[in-house]
Each structure stands twice: as structure tokens, then as C-alpha cells.
Amino acid sequence: MGTSKYNKVALAMAGLFAVFATSAAAQPFMHVGGLTTQPVGHYDFCQRMPAECQPTADASSPTELTRELWAEIINVNNVVNIAVRPRTDMEMWGIEEYWSYPVNGYGDCEDYVLEKRNRLIEQGVPASNLLITVVRQPNGDGHAVLVVHTSMGDFVLDNLEMRVLRWNETEYSFLKRQSSQHAGMWVGINDDRDILVGSVAAR
């Protein structure tokens, strides 16, 4: 094993030990409510790619967070954040909301999320535990991240942050996320918060 690869694995292991050490942290899991509105961009994505928005299997339990999986989560977050360069939907497509996988190495926050989700599915993580999530940034802007629902809590993969943090360690306000039971449906998080992104009614 090369020195660089060894260092990356060692760092990932150190991060996992920190996760285990803080496993009793308050509210490691989000509290989700009932069905809510689906982001317009995701609705359009589902119309174009219906296979991505089907009922999900094995939605009853979180993914077991092993050392190997933690290292893979860290790797996927880093690789995609480095490989994809930020560009808005307006710059790429001429419209405000168009969710897609990165195109020619460019994408916005939803595109990073879709790519990370796909790569972790390829590594065997169930789609039911890889949840696109809409948040509010401290400056009030809407943003999308990927939440991995694990036995140690809900962790956030974010194109604005190289670290993988537990959801309650971030500065975001969490608004809604994909249902763990159906990739084309969304559930609310803290329903008393305002929704910032354009939405269509839940089906």
C-alpha cells in the first residue's frame, strides 16, 4: 500500500474512531415527518429518469457503519468534490432548476449529490439509506446535500465541505429529504420551517 493511500485510510479510521467516541451525541438521527412537497428539479429528473425514483427495498433499518464503509464514504465525498467543478443550472442549461449527473466535469449541488449517491449505490449501500436532502444555509440560501442513514447516525456529504459530518454538527437548517421507502417521494424535517426551493405537491 502506497504512503498516500495509507495516510488516507489512517485518516478515515481516525474519523471513524471519533464517530464511535461520540456515538451517544444528542439526536444522531433526524426526526422526519409525513410526506411533503417534492422539489421541482427532482420531479423533472424523475420524469426523465423514472428508474431513479422507484420504491426502495430494505428501508426498515439503517446501514451498518463499518470502518470499510466509513473509508468509502470519505473517499466518495472527496473524489466527487475534487472531480466536479461548480457551475449553475442557468450557466449549463439556461434554466434555474435542472437536476442531472455532472456534465463534462461540471455541476451544481444537486448534481454532486446524484453522483455521490450513485457511486455509493455501486458500492452496495442501499438506496433507501442514501437520501437527497434540502437544507437552508446560514445565509438563507437553499442547498442540497446527500445524507447517509447509518447505524451511527445521519451523515452529510456536501460539495461545500470536505469533512463528512453528522447532520447535527453542520450549520444547516434541514428542511426535507427523500423518503427512505420511495426515492420519488419526500418527507418533511422540522415541518415548522419555511421551504425555500420550488416544489410540487406530493403525489
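"Buried" here means under 20% relative accessible area, "exposed" means over 50%, and "partly exposed" sits in between, with a 1.4 Å probe and protein chains only as cover. This is a predicted model, in which local features need pLDDT of at least 70 and side-chain atom pairs count only at pLDDT 80 or more, while totals for chains, interfaces and linings use all residues. Numbering runs from 1 along each chain as its sequence is written, and side-chain values use heavy atoms, with hydrogens and water left out.

**View 1. S128, tucked away in a loop.** Look for S128 in the loop between α5 (109-122) and β5 (130-136); helices (H or I, at least four residues) and strands (E, at least two) are DSSP runs numbered from the N terminus. S128 is buried because its relative accessible area is 0%. Its side chain reaches the backbone oxygen of A57 at 3.3 Å. Q181 is 53 residues away along the chain, yet the C-alpha atoms of S128 and Q181 are separated by 6.2 Å.

**View 2. Helix α5, mostly covered.** Of the 14 residues in α5, 10 are buried, among them C109, Y112, V113 and L120. The end C-alpha atoms are 20 Å apart, which agrees with the 20 Å that 14 residues should span at 1.5 Å a residue; the expected span is 1.5 Å times one less than the number of residues. Just after α5, G124 takes a positive phi of about 100 degrees.

**View 3. S100 and W93, two neighbours.** S100 belongs to the loop between α4 and β4 (106-107) and counts as buried at 8% relative accessibility. Leaving out residues up to four places away in sequence, S100 touches W93, D111 and L114, where contact means heavy atoms within 4.5 Å. W93 itself lies in helix α4 (residues 89-93) and is partly exposed, with a relative accessible area of 36%.

**View 4. W167, a buried tryptophan in a loop.** W167 is found between β8 (161-166) and β9 (173-178), and its relative accessible area of 10% makes it buried. Not counting residues up to four places away in sequence, W167 touches several residues, including Q27, F29, M30, V156 and F174. A polar atom of the W167 side chain lies 3.3 Å from the backbone oxygen of P28. D154 is also a contact of W167: the two are 13 residues apart in sequence and 5.8 Å apart in space, C-alpha to C-alpha.

Key:
A polar contact is a pair of N or O atoms within 3.5 Å; within protein, one must be able to donate a hydrogen and the other to accept it, and residues adjacent in sequence count only if both atoms are side-chain atoms.
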